[in-house]
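Hi,

Here is the structure I promised to pass on to you. Have a look at it first, and then read on for what turned up.

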Amino acid sequence: MYSKKTLEAVNTALRQRRQDALRQASERQTALYSQSPRFREYDHRLRELTRSIALAALSGDPGEPERVMGEIRAIQEERWALLDRLGIPRDILEPRYTCPLCKDTGTVEGKRCQCAEALLRTESCRGLPSAVMDGRSTFETFDLNYYPDTPDQSGRSPRKAMAAILQRCRDYAGGFGPKSESLLFLGRTGLGKTHLSLAIAGQTARQGAAVLYASAQSIIDRYERVRFDRSPTPEDLEFVRMAPRCDLLVIDDLGAEFSTAFSQSVLYNILNDRITAGLPVILSTNLTLEQLAAAYNERIASRILCGCTSLSFAGKDIRFLRQMEKKR
């Protein structure tokens, strides 16, 4: 389910492509007529003859249609010969569409063209963080080498644990659908929770899902601007409209937002609406399960802890390790 905003943006882009192609063809026609007025005469006569074909068929003279077609062919040959002498392509006046298959209409034989699908995939990611658009946060760029292979205090190998989580996230994105489960990413800061949630968001969006991604605090801010009419932007209004109904909602930094009765109400309503409707959500937090239970009222904690499958991230702060590498 693509969002209304995404569909409108793609339709606008397709209309602009088609208009540009037609405008450029018109400009080439003007330049051609200026270079050699003879082409204007050819094209004018061809239009006249084309309109007269139907009349020729009704004239009662069986030879009249063929005579008209013969004159059309003769003029066309003269026109092509002149173009050849001037070194001008014969299709100079044909619109040069971005997609020759659908001629920038977005549909072929009543079905969405592959060019429109590509635009939709790109546009679906446009509202996601830049790390999705520029390819920094993908499954391919998730580097397991930052996770030690030696067992930690719990006795598990962080690398093996994260390899399993990486594969779980790959499978989740690859098989994403209306019945996909909700996930809760747990772990300290810098362990890759945001990276993998963005990787899932990007892949599912490119597969055609309507995906929203935001931090918990930014969601509260958007709802406050809309609810209390504090100059909400069109993006705020669209987010509030889509958050309860989009295919996938990803909420980052859960527990880092400023907690108020309003913020808890917003989060509960979003989670309750989505889980009740069977729509998946991905939550990431730096808090432990115990801290989550303490940070939220019982209704929210129940939705989070009972409605999501928990994945516990392991290892050391990757951002810190990368900064140390840069300083070496």
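Let me start with a question: is serine 231 buried or exposed? Please keep in mind that this is a predicted model. Serine 231 counts as exposed, because its relative accessibility is 63%, above the 50% cut-off. You will find serine 231 in the loop between α8 and α9. Its backbone is worth a glance too: phi of serine 231 is near 50°, a positive value in a residue other than glycine.

For context, most residues other than glycine have a negative phi. Aspartate 229 is exposed, with a relative accessible area of 63%.

Next, the aromatic rings. Searching the whole structure gives 5 aromatic pairs. One of them joins phenylalanine 228 and phenylalanine 262: the ring centres are 5.3 Å apart and the planes stand at 50°, so the pair is tilted. Phenylalanine 228 belongs to the loop between α8 and α9, while phenylalanine 262 sits in helix α10 (residues 261-277), so this pair ties together parts that are 34 residues apart in sequence. Phenylalanine 228 is partly exposed, at 39% relative accessible area, and phenylalanine 262 is partly exposed as well, at 21%.

Finally, a helix pair. Helix α4 (residues 114-126) packs with helix α7 (residues 193-206) at an angle of about 150°, and their axes are 8 Å apart. That angle is over 145 degrees, which makes α4 roughly antiparallel to α7. The crossing of α4 and α7 is right-handed. On the α4 side the contact is made by Arg121, Ser124 and Cys125, and on the α7 side by Gly202, Ala205 and Arg206. Sorted by class, this contact of α4 with α7 has 2 nonpolar, 2 polar and 2 charged residues.

Happy to talk any of this through once you have had a look.

Best wishes

Note on methods
Residues numbered from 1 in each chain as written. Predicted model: local features only at pLDDT ≥ 70, side-chain atom pairs only at ≥ 80, totals over all residues. Heavy atoms only, no water. Axes fitted to C-alpha atoms, helices over the stretch in contact; angles between N-to-C directions. Helix = DSSP H or I, 4+ residues; strand = E, 2+ residues; numbered from the N terminus. Parallel < 35°, antiparallel > 145°, perpendicular 65-115°, else oblique. Left-handed = near helix turned anticlockwise from the far one by under 90°. Contact = heavy atoms within 4.5 Å. Nonpolar A, V, L, I, M, F, W, Y, C, P; charged D, E, K, R; others polar. Phe/Tyr/Trp six-rings, centres within 6.5 Å; stacked < 30°, edge-to-face > 60°. Buried < 20%, exposed > 50% of the residue type's maximum accessible area, 1.4 Å probe, protein only.
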